[in-house]
Amino acid sequence: MENKELEARAEKYFNLYDTSPDMYLSIDPEDGSIKECNQTVVRKTGYTKEEIIGQPVFFLYHPGCMPRVKKAFQSFTETGRVENAALEIKTKDGSTIPVLLSVEAVRDQQGNILYSNSCWRDISQIKRWEQQWAAANKDLEKKVREQTHELEIINKELGHFAYIASHDLQEPLRTVMSFVELLRKDYHQQLDDNAQKYINYISQATEHMRNLVKGLLEYSLIGHQRRLTTVDCKAIVTEIQADLAAHITESKAIFEIGELPQLYGYETELRLLFQNLITNAIKFQKKDTAPLVKISAQQENGHWKFSFTDNGIGIEDQYTEMIFTLFQRLHLKSEYEGTGIGLAHCRKIVHLHGGQIWVDSHPNEGSTFYFTIPN
Ligand code: ADP
């Protein structure tokens with residue numbers, strides 16, 4: 001290579017060295033003095049090259065980080081290198097720059113250290129982002145805490161309201177029902193057909209309202225008397241099957257029960273959850289088809305995932321969220337009996353256990369209700 005070419009190349013390297021965003025220094029291993037540095041050191045520290053060269057490198061470090069500097073130099077003496085030691089340097093005007101120090105020894109053929117190449121990477125911007133991120137995070141955490149607290153209060157108030165309303169509504173309802181019954185019994189002869197018909201309507205409507213109020217009261221009471229116990233899910237299903245024996249025989253329902261676990265949970269609530277899902281699986285059947293109900297559970301990422309599958313009428317995609325809301329039904333009472341409370345109960349019970357509930361369904365092809373209960 002010709003001299004000129006060599007010179008051009010050297011100039012290119014010098015340019016690269018001096019315009020690098022990182023600060024480079026060559027240090028004498030004997031006395032720790034600075035032998036050479038690039039322009040970035042000059043630019044960032046505010047010292048001239050003359051003020052830097054020949055000085056011990058320690059003079060550029062912030063006094064607060066000297067113990068860490070000593071540790072880094074000890075590691076250099078032992079291994080011949082330092083990788084990303086977090087330190088701070090001090091500029092001429094007294095400000096501080098956080099840096100990552102990396103050092104690599106340059107050796108002769110015998111392995112003796114000639115000098116060490118040090119690199120300071122300015123991480124002020126990263127630190128600023130870190131601080132902004134931490135502040136934003138703290139802010140967010142505070143907001144979430146405040147909102148959770150507010151929601152808890154609102155939730156409690158709503159629960160209390162539902163309890164009071166449903167509890168107090170029962171009494172006047174009972175009065176209406178008993179007087180309708182008295183009317184029917186004592187004035188049977190005096191009432192014409194129309195009056196009898198109207199009394200029947202009142203009776204049916206009050207009976208429906210009684211069921212709604214009862215359901216609402218039960219809903220508000222879910223989780224009130226929490227008693228955690230070991231719950232045998234298989235035993236619960238067997239007991240529910242026994243309770244519903246007449247209904248099961250009448251509908252000719254067939255069950256396929258897989259392995260079911262023992263859980264640590266709220267027994268009364270879990271029983272209600274299972275019962276609602278089983279009753280629905282039998283109830284929402286296609287005409288002239290015997291219900292086939294499959295129940296199973298499997299362990300997945302720290303929770304049990306239960307599935308209740310039926311071969312019934314199924315649910316259109318657009319309603320699969322809505323059906324878990326209080327009093328939401330997709331059918332007339334004359335088609336399928338009910339109050340629209342069962343699945344709201346189920347959701348509240350699953351949430352009480354820290355799980356999730358959802359349905360996968362296709363009209364006319366049946367539904368699978370899934371829920372999870374953490375282990
Ligand atoms: P209810 O059974 O008293 O109507 P639920 O809250 O249990 O109230 O259910 C809400 C609605 O969700 C039901 O009215 C029905 O339309 C739909 N649904 C629930 N379970 C099933 C099922 N297994 N198959 C089809 N539809 C269902």
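Let us start with a pair of helices: H9 and H10 cross in a left-handed way (left-handed if the near helix is turned anticlockwise from the far one by less than a right angle, right-handed if clockwise). This is a predicted model, in which local features need pLDDT of at least 70 and side-chain atom pairs count only at pLDDT 80 or more, while totals for chains, interfaces and linings use all residues. Residues are numbered from 1 along each chain as its sequence is written, and side-chain values use heavy atoms, with hydrogens and water left out.

Helix H9 covers residues 267-283 and helix H10 residues 342-352 (helices, H or I of at least four residues, and strands, E of at least two, are DSSP runs numbered from the N terminus). Their axes come within 9 Å and cross at roughly 140° (axes are lines fitted to C-alpha atoms, for helices over the stretch in contact, and angles run from 0 to 180 degrees between N-to-C directions). On the H9 side, the residues that meet H10 include Leu270, Leu273 and Leu277, and the residues they and their neighbours meet in H10 include Cys346, Ile349 and Val350 (contact means heavy atoms within 4.5 Å). By class, this contact has nine nonpolar, four polar and one charged residues (Ala, Val, Leu, Ile, Met, Phe, Trp, Tyr, Cys and Pro count as nonpolar, Asp, Glu, Lys and Arg as charged, and the others, Gly among them, as polar).

Now look at the sheet beside these helices. Five strands form an open sheet in the order S7-S9-S10-S12-S11, with mixed pairing (two strands pair if DSSP finds at least two bridges between them). Strand S7 (254-257) and strand S11 (357-362) are its edges, each pairing on one side only. Neighbouring strands here are turned by 15° against each other on average, direction ignored. Within the sheet, S9 (residues 292-300) and S10 (residues 303-309) run antiparallel and are joined by seven bridges; glutamine 298 stands opposite lysine 305 in S10. Helix H7 (residues 233-243) lies across S7, S9 and S10, at about 175° to S7. H9 packs on the sheet too, touching S7, S9, S10 and strand S12 (366-374), and its direction makes about 170° with that of S12.

How is the whole chain divided? The domain assignment gives domain 1 (3-122), domain 2 (136-221) and domain 3 (225-375) (bounds come from an automatic or database domain assignment). The centres of domain 1 and domain 2, taken over C-alpha atoms, are separated by 79 Å.

A second open sheet has five strands in the order S2-S1-S5-S4-S3, with antiparallel pairing. Strand S2 (34-37) and S3 have a single partner strand each, so one side of each is left without a neighbour in the sheet. Its neighbouring strands are turned by 30° against each other on average, direction ignored. Five bridges join S1 (residues 23-27) to S5 (residues 113-122), and leucine 25 stands opposite serine 118 in S5. S3 and S4 form a hairpin with five residues between them, where glycine 94 in the turn has a positive phi of about 90°.

Finally, meet two single residues. Glycine 80 is found in the loop between helix H4 (66-79) and strand S3 (81-90), and at 5% relative accessibility it counts as buried (buried means under 20% relative accessible area, exposed over 50%, partly exposed in between, with a 1.4 Å probe and protein chains only). Serine 124 is placed in helix H5 (residues 124-186); because its relative accessibility is 15%, serine 124 counts as buried as well.
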